[in-house]
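Try each task yourself before you read its solution.

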Amino acid sequence: MLVALTIAVTAAALVLAAWCGFAAYRDQPTKDWHFIGMAVVSVLALVQLVVGIVEVARGRQAHDGSVIFFSYLVGAVLAVPVAGFMSLTERSRWGSVVVAAGGVVLAVLEVRLHAIWGG
């Protein structure tokens, strides 16, 4: 796996979490700008999924096994979109809290992905 990509996804997820956490602090629901941020983070996670697939296809193996590795990769790709969908159903400050939590979850998944790959 590319360490730089893992760091980029983690940093973007934490920035999104802080941004939506600040919106929740200001008693605001998620807005269009938040969804653009979620799209950027989701695209980065999707790029990481593709890189992971390519790395395994080239013969490199995750330290803890491919099944766990791909499970974490899929979870990382789904974390922010699921939180974004949930924020659409809750159009209050709690929608922003859910997206902030999704960003933190993605950051934790990234740290674990790095460990699973053998970092």
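**Exercise 1.** Is Phe 22 buried, partly exposed or exposed?

*Solution.* Keep in mind that this is a predicted model. Start with the number: Phe 22 has a relative accessible area of 47%. Next, recall the cut-offs: buried is under 20% and exposed is over 50%, with partly exposed in between. So Phe 22 is partly exposed. Now try Tyr 25: at 67%, this residue counts as exposed.

**Exercise 2.** Work out how the rings of Phe 22 and Tyr 25 are arranged.

*Solution.* First, find the two residues: both are in helix 1 (residues 3-25), three residues apart, which is about one turn of the helix. Then check the distance: the ring centres are 6.3 Å apart, and a pair needs centres within 6.5 Å. Last, look at the angle: the planes are at 25 degrees, so the pair is stacked. The structure holds three aromatic pairs. Elsewhere, Phe 69, Phe 70 and Trp 117 make up one aromatic cluster.

**Exercise 3.** Describe the length, bend and packing of helix 3.

*Solution.* Begin with length: helix 3 (residues 66-89) has 24 residues and spans 35 Å from first C-alpha to last, close to the expected 34 Å. Now pick out buried residues, among them Phe 69, Leu 73 and Val 77. Finally, see what the buried residues of helix 3 pack against: helix 1, helix 2 (32-57) and helix 4 (93-117).

How values were computed:
Residues are numbered from 1 along each chain as its sequence is written. This is a predicted model: local features need pLDDT of at least 70, side-chain atom pairs count only at pLDDT 80 or more; totals for chains, interfaces and linings use all residues. Side-chain values use heavy atoms; hydrogens and water are left out. Rings of Phe, Tyr and Trp (its six-membered ring) pair if their centres lie within 6.5 Å; planes under 30 degrees apart count as stacked, over 60 as edge-to-face and the rest as tilted. Helices (H or I, at least four residues) and strands (E, at least two) are DSSP runs, numbered from the N terminus. Buried means under 20% relative accessible area, exposed over 50%, partly exposed in between (1.4 Å probe, protein chains only). The expected span of a helix is 1.5 Å times one less than its number of residues. The bend at a residue is the angle between axes fitted to the seven residues ending there and the seven starting there. Contact means heavy atoms within 4.5 Å.
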